[in-house]
Amino acid sequence: METKKYPRADLKKWSGTLLNLGLATSIGISLVAFEWKSYSEGPLKEIRASQEQWEDLDVPISIQAPPTPPPQVAPVIIQRPDDIKLDDLDIDIDVNTTETTEIPVVVLVDSPPIEEDPDEIVDFTEVQASFKGGMEAWYEYLRKNLNYPSQARRMGTEGTVLVRFVVNKDGSVQDVELLRTIGGGCDEEAMKVIQNSPAWNPGKMRGIPVRSRQVIPIKFKLN
């Protein structure tokens, strides 16, 4: 059995038209609301010049006069007599000299001689103390006089012993001491070879021999 439809009773007949009409109306109202201009009905506010009067403050002058400089006192020059008197000098000067006349040489010492302490030991010298004959002679001396201790050989001890000593003005050696040890009898052997070494060339300061301190490494190595 088919349902009977009446065109006049159809509710969806005007739905599309009403929807479009509603959208157009809402858009029109929104545009009018954005473009609507309103004006204030009250009078405009007038901006007049300020009638307030400011008081002029008296600012004191901060520029001060410079201070009075202290009075200048002239330096007092004290005349002292010369330390060197010409009357005490034994200088024979002959004004009437010829080309063959020999003029004696006069040596004047500007300063008193420098007093040096003979027992002073210098760590850094202008000319360093050295073994006579150079490094090749030193290594040859070690090869002939340095013995590898048997205890160190059995223990497999190897290393470098640092020995410090003093070289006197005459080149002799004294005050031998150890700075680094390795044990196994190597330390004693290194001290003995330094103590029994021949005379060295002493260190010098201003060309004068001085006592200086030296540090020598002695290396022990198994072949």
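User: Which residues make the nonpolar surface patch of about 380 Å²?

Analyst: This is a predicted model, where local features need pLDDT of at least 70, side-chain atom pairs count only at pLDDT 80 or more, and totals for chains, interfaces and linings use all residues. Residues are numbered from 1 along each chain as its sequence is written, and side-chain values use heavy atoms, with hydrogens and water left out. A patch takes residues with over 30% relative accessible area and no salt bridge, joining nonpolar side chains (Val, Leu, Ile, Met, Phe, Trp, Tyr) within 5 Å and like charges within 9 Å; a salt bridge is a side-chain nitrogen of Lys or Arg within 4 Å of a carboxyl oxygen of Asp or Glu. The patch of about 380 Å² is made by Trp14, Leu18 and Leu21.

User: Is Trp14 buried or exposed?

Analyst: Trp14 lies in the segment before helix H1 (15-35). Buried means under 20% relative accessible area, exposed over 50%, and partly exposed in between (1.4 Å probe, protein chains only). At 54% relative accessibility, Trp14 counts as exposed.

User: How many helices and strands are in the chain?

Analyst: Helices (H or I, at least four residues) and strands (E, at least two) are DSSP runs, numbered from the N terminus. Their order from the N terminus is α-β-β-α-α-β-β-α-β-β-β. The chain has four helices and seven strands.

User: Within what arc do the buried residues of H4 fall?

Analyst: In helix H4 (residues 186-195), the buried residues are Cys186, Asp187, Glu189, Ala190, Val193 and Ile194. They line one face of the helix, because seen down the axis of H4 their directions, taken from the axis to the C-beta atoms, fall within an arc of 165°.

User: What do the buried residues of H4 pack against?

Analyst: Contact means heavy atoms within 4.5 Å. The helices that the buried residues of H4 pack against are H2 (134-145) and H3 (150-155). The strands are E3 (159-167), E4 (173-180) and E7 (208-220).

User: Which residue in E4 is the bridge partner of Val167?

Analyst: Two strands pair if DSSP finds at least two bridges between them. E3 and E4 pair in the antiparallel sense over five bridges. They form a hairpin with five residues between them, and Gly171 in the turn has a positive phi of about 90°. The partner of Val167 is Val173.

User: Leaving aside neighbours within four places in sequence, which residues is Gln128 in contact with?

Analyst: Gln128 lies in the loop between strand E1 (121-122) and strand E2 (130-131). Gln128 is exposed, at a relative accessible area of 56%. Beyond those neighbours, its contacts are Gly203 and Gln214.

How values were computed
Areas by Shrake-Rupley, 256 points an atom, 1.4 Å probe, with all protein chains shown as cover.
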